[in-house]
Amino acid sequence: MDKVQAINNIYSEFKLLFKERKIPELFEAMRLAQKDHFPHPLGHFAILYTSVPRESRPKLMLIGNNPSWFVDVKKNKRLSDEEKKIALERIQNLENGVPSFSSYTQKPKHRFAKRLETEYKRASLLNLLETTVGMNRFWVQTGSEPNALKDVTLENSISNIKKNKQLDKLIEFCNKGTKEIIKIIEPHFLIILGAPARELLTDWEAPKSISIQFANHPDRSSELSSVLREIKADLELIAD
């Protein structure tokens with residue numbers, strides 16, 4: 001079994017769990033958490049943002065927190081119908097399984113892709129962005145931090161308890177699945193972006209063949225470009 005098949009099996013397991021009929025209270029919380037500036041309703045997911053080599057080890061992999069939007073979303077910016085359509089189509093495509101493309105280089109670029117491009121340019125490694133593998137430690141698009149859904153109040157206490165248990169189970173599945181996917185892909189370098197992802201993976205016994213680095217999220221600092229510069233010489237020694 002190649003890497004893509006192995007990871008697609010994890011997609012299939014997740015799709016069995018992430019269904020409204022199985023976790024109705026959590027889906028109701030996502031409906032209540034909807035904001036006017038969101039390009040489409042919550043309730044979608046994205047595991048991998050990029051393609052994965054079937055056999056070889058990629059040079060670099062990024063792990064973030066959870067999916068944002070696939071267009072440049074701001075609270076004070078009104079999105080066009082075309083932008084809303086693009087955002088929805090992109091995440092629906094990513095739900096199908098391991099992508100055959102990189103959402104980091106798709107045009108028009110979403111906000112995170114723009115930030116990555118800036119950081120890679122600063123490190124003089126823009127040529128590496130197309131083959132960088134990327135995913136998040138939590139896979140569901142929630143519009144904010146995953147645990148923010150615990151602050152959404154449903155109509156009664158029993159429903160709230162169920163919703164929070166469903167969210168915890170989902171987070172646990174994603175955390176475990178993320179570690180499994182990293183092991184399957186086995187990148188030469190893994191850069192963990194932001195505190196939530198770092199908290200998950202700090203004490204994890206990753207395969208010794210993977211060199212793990214940490215950086216703040218590109219939305220909050222330019223630390224990623226510094227980390228890329230530090231490992232640039234080693235990255236360039238790895239055969240394509």
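Mentor: Let us begin with a definition: two strands pair if DSSP finds at least two bridges between them. Please keep in mind that this is a predicted model.

Trainee: How many bridges join β1 to β2?

Mentor: There are four bridges between β1 and β2, and the two strands run parallel.

Trainee: Which residue of β2 stands opposite Ile-63?

Mentor: Met-135 of β2 stands opposite Ile-63.

Trainee: And what is the order of the strands in the sheet?

Mentor: The sheet is open and has four strands, in the order β2-β1-β3-β4, with parallel pairing. Because β2 and β4 stand at the edges with a single partner strand each, one side of each has no neighbour in the sheet. On average, neighbouring strands are turned by 20° against each other, direction ignored.

Trainee: Which strands does helix α7 touch?

Mentor: Helix α7, residues 223–237, packs on the sheet and touches β1, β3 and β4. The direction of α7 makes about 175° with that of β3.

Trainee: Changing topic to helices: at what angle do α2 and α5 pack?

Mentor: Helix α2 (residues 24–32) and helix α5 (residues 157–185) pack at an angle of about 95°, and their axes are 7 Å apart. Angles of 65 to 115 degrees count as roughly perpendicular, so α2 is roughly perpendicular to α5.

Trainee: Which residues make that contact?

Mentor: From α2 the residues are Pro-24, Glu-25, Leu-26 and Ala-29. From α5 they are Ser-159, Lys-162, Lys-163, Gln-166, Leu-167 and Leu-170. By class, this contact has five nonpolar, two polar and three charged residues.

Trainee: What volume does the second largest pocket have?

Mentor: The second largest pocket has a volume of about 290 Å³. Its lining has 15 residues, with Lys-59, Leu-128, Thr-131, Ala-239 and Asp-240 nearest the centre.

Trainee: How does the lining of the second largest pocket divide by class?

Mentor: It has seven nonpolar, four polar and four charged residues.

Methods:
Residues are numbered from 1 along each chain as its sequence is written. This is a predicted model: local features need pLDDT of at least 70, side-chain atom pairs count only at pLDDT 80 or more; totals for chains, interfaces and linings use all residues. Side-chain values use heavy atoms; hydrogens and water are left out. On a 1 Å grid over the protein atoms alone, a cavity is a set of points where a 1.4 Å probe fits but cannot get out, and a pocket is an open set with protein on both sides within 12 Å along at least five of seven lines; lining residues have an atom within 4 Å of a point. Grid points are joined across faces, edges and corners, and a volume is the space filled by probe spheres set on the points. Ala, Val, Leu, Ile, Met, Phe, Trp, Tyr, Cys and Pro count as nonpolar, Asp, Glu, Lys and Arg as charged, and the others, Gly among them, as polar. Axes are lines fitted to C-alpha atoms, for helices over the stretch in contact, and angles run from 0 to 180 degrees between N-to-C directions. Contact means heavy atoms within 4.5 Å. Angles under 35 degrees count as roughly parallel, over 145 as roughly antiparallel, 65 to 115 as roughly perpendicular and the rest as oblique.
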